[in-house]
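Keep the 3D view open as you read.

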Amino acid sequence: MAENRQDDDTATGHRSTVRSLLRLWPYARAVRRRLAVSVAAALVAMLSVLGVPLVLGRIVDGPLAEHDLSGLWPLIGVLLVLGLVEATLFYTRRVVLARPLARLETAMRGDLFAKLQRLPISFHERWGSGQLLSRATADMYTMRLFLAFPLVFLVVNSVMFLVGTAVMFTQDWRLALIILLPAVPLFVLTRRFEAGYSGASRRAQDQNGDLATVIEESVLGIRILKAFGRHRSMAERFRAQAHDLRRTELRKAGLLANLWAVIVGLPEIALGCALAAGAYLVAHDELSAGTLVAFLSTALALRWPVESLGWLLAYANEAATAADRFFEVLDEPETADPGTAEGLGAPDGIRFTGVRFRYPDAPDDTPDLLAGIDLHIRSGETMALVGATGSGKTTLTALLPRLYEAGAGTITLDGLDIRDLPRERLRELVAVAFEEPTLFSATVRENVLMGAPGADDRQLRAALATAQASFVDKLPDGVDTEVGEQGLSLSGGQRQRLALARAVVGEPAFLVLDDPLSALDVHTEALVERALRQVLGATTALVVAHRPSTVLLADRVAVLSDGRIEAVGTHQDLLRDCAHYRELMSGESAPTPEAVLVSEGGTTR
């Protein structure tokens, strides 16, 4: 579930709505001239509508009253011109804004995506993927549409209402006051509506994000759902969240319906009263029929600015909520990256000195996961890291490329603190193959070369050979075959081999392998191990191992226990001297060294 932080006043006041929308100005500044042209075009078009009642009044008091048909045609021509002006200007308004607002949306989406790439792993662990997806898609569309239409007409309709009101007062101030009587209750109602609608809008958009997360999880986990027959329970979960969203949307619709009923009803009542009063004034020769027609036509022309108020306010609140959600991500603090060093010192390998770590969301009363790690992996050496499940092996390897930041202590590469290296440079030096191989919706070539974008075809082929990934040549398009989302068109072993190829393709100076052979069959594992020995001989490597066969790739082994390095030595030494290591290697409770050697067929290194 996303960590949806929201200030108390974000959903409750007009000022907060305006403040949220004003945060879009740095982006809207780039299209401010186009926005001004659009507003001007729409304003002139709407004001031309107010010219129609004046012409109608002239027709009634002039040619019709005097039975002068010849004088009617010029006024009809004026009406046609006003109609053409309105249509042309509205067309211009749309054309002027369409392309620049599309670019603006693209720029905002690009900034959001770039920010997501820079944010630490801890952020992504807190936020549901659907929440981020909805911010990058639906929320962007909402903000762009607000700039294209509601923003323009909030300005245009306000000006048109003021001008129309002034025109009505010039026609007859008594009737104008009658028309304006509903203004006070409408103002109070819209304030109350805005307070309730903002909260409902935020809730609906967050629920949309939660729903997107459920859909994504069910699609990515479709094999599990089908294998265990859990599709019905997932469908129930989806329906429950969909019903929650439905209730919120119905609440929004109810709030808007109540507002709309009053916005439409009160002006209609006022218009009826004005018609009755105007008819009385005409009957007593206090007002001409043409003036009454012009007044009523002006009042009718103002129906759209008034009736659209509810929709415009609703969409403004939707856009303000979308802006809040967008800037929630952009406001997230990034982990400082002060490193400026480019080169390394004299060969010294990898050193962990007093390294401590705990996850940010860990309860305060729990001990650190890593409670003072001291470990030296010599230059050119391969160190195997073993430990019980949950002992922190994967976490320790994640500290090396700074996927997480150590809480205390130092980690050095060839004598240089990794915090002195820019992250981008650090991750060029340190290649990682994770326990769970992740592939992207791209070709085999693109997935492997993520490990070294500048690698040539020879290096690609060498990496595939090391990972024993010759199966790619049997794919429809070879290395240019699309592997599909998450690489689900491949087997687990094939995905793991491509992930391994991605780690070694750039011939990295430092290599981290997190149980890289777990999904391979015995025959393939032996071939990969044989090829890996050549790669490991030319780099400094840390290999998380769970099986003796993987341990035998290493020069030395480190045993992790209770957040500390319990023992370091060769495989044979640890079998002889470390009961915990014997237990981990055998899967039984502290067997004798001889028993472990026998279980491995007597093979030692």
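Contact here means heavy atoms within 4.5 Å. Helices (H or I, at least four residues) and strands (E, at least two) are DSSP runs, numbered from the N terminus. This is a predicted model, in which local features need pLDDT of at least 70 and side-chain atom pairs count only at pLDDT 80 or more, while totals for chains, interfaces and linings use all residues. Residues are numbered from 1 along each chain as its sequence is written, and side-chain values use heavy atoms, with hydrogens and water left out.

Start with α6 (residues 129-136) and α10 (residues 183-220). In α6, Ser129, Gly130, Gln131, Ser134 and Arg135 meet Arg202, Asp206, Gly209, Asp210, Ala212, Thr213 and Glu216 of α10. By class, this contact of α6 with α10 has 1 nonpolar, 6 polar and 5 charged residues; Ala, Val, Leu, Ile, Met, Phe, Trp, Tyr, Cys and Pro count as nonpolar, Asp, Glu, Lys and Arg as charged, and the others, Gly among them, as polar. The axes of α6 and α10 come within 7 Å and cross at roughly 120°. Axes are lines fitted to C-alpha atoms, for helices over the stretch in contact, and angles run from 0 to 180 degrees between N-to-C directions. The two helices α6 and α10 are therefore oblique to each other; angles under 35 degrees count as roughly parallel, over 145 as roughly antiparallel, 65 to 115 as roughly perpendicular and the rest as oblique.

Next come α7 (residues 138-148) and α8 (residues 150-171), whose axes come within 3 Å and cross at roughly 30°. So α7 and α8 are roughly parallel to each other. Leu145, Phe146, Leu147 and Ala148 of α7 make the contact with Pro150, Leu151, Val152 and Leu154 of α8. By class, that contact of α7 with α8 has 8 nonpolar, no polar and no charged residues.

Now follow α8 to α14: the two pack at an angle of about 150°, with their axes 10 Å apart. That makes α8 roughly antiparallel to α14. Among the residues of α8 that meet α14 are Phe153, Leu154 and Phe161, and the α14 side includes Trp304, Pro305 and Trp311. The contact of α8 with α14 has 12 nonpolar, 2 polar and no charged residues.

Which residues lie nearest the centre of the second largest pocket? They are Leu154, Ser158, Pro305, Leu309 and Leu313. Helix α14 (residues 303-330) gives the largest share of this pocket's lining, 9 residues. By class, the lining of the second largest pocket has 31 nonpolar, 6 polar and 6 charged residues. A pocket is found on a 1 Å grid over the protein atoms alone, as an open set of points where a 1.4 Å probe fits, with protein on both sides within 12 Å along at least five of seven lines; lining residues have an atom within 4 Å of a point.
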